[in-house]
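Please consider the sequence and the structure shown below.

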Amino acid sequence: MSTTEAPMLHGSRCDHCGNVAFPVADGCQRCGQQVMQVIELSEHGTVWGFTVQRFAPKSPPYVPPTDGFVPFAVGYVELTDGVKVEAVLECVDFADLEGNAPVRLTATEPVPRFEVTA
């Protein structure tokens, strides 16, 4: 049995209209009400859109790996909760991300990371 907790994203749901937001919000972006509940978001979703970062971002804040820069995908994941989350997308081949690819949350720090599931 693993002692490592599964990564979890937290968002908020409006008590008035039910709108879900990420990250946690003090007020509803849909109806403007201020009564929000913190909720755990789904760890599953689909790739809504993505792009490939083919050159090293400015450093700092980017810290390149010790073995050098490797292109990576970033994009939006639409969670089963209906909210879209910007994230790093892990895959074997960037083509795996096309066609609303199913993904699963793998990390939340320093930014959300999702990987393609079979």
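**The largest pocket**

The largest pocket holds about 470 Å³ of space. Of the 18 residues that line this pocket, Phe72, Val74, Val88, Val111 and Arg113 are the closest to its centre. A pocket is here an open set of points on a 1 Å grid over the protein atoms alone, where a 1.4 Å probe fits, with protein on both sides within 12 Å along at least five of seven lines; lining residues have an atom within 4 Å of a point. The volume is the space filled by probe spheres set on the points, which are joined across faces, edges and corners.

The model is predicted: local features need pLDDT of at least 70, side-chain atom pairs count only at pLDDT 80 or more, and totals for chains, interfaces and linings use all residues. Residues are numbered from 1 along each chain as its sequence is written, and side-chain values use heavy atoms, with hydrogens and water left out.

Strands β5 (72-79) and β6 (84-90) each supply at least two residues of the lining, and β6 gives the most, with 5 residues. Strands are DSSP runs (E, at least two residues), numbered from the N terminus.

**Valine 20**

Valine 20 lies in strand β2 (residues 20-21). This valine is buried, with a relative accessible area of 12%, where buried means under 20% (1.4 Å probe, protein chains only). The C-alpha atoms of valine 20 and valine 111 are separated by 19 Å.

**The whole chain**

The protein chain has 0 helices (H or I, at least four residues) and 8 strands. Of its 118 residues, 28% count as buried.

Notes
Buried < 20%, exposed > 50% of the residue type's maximum accessible area, 1.4 Å probe, protein only.
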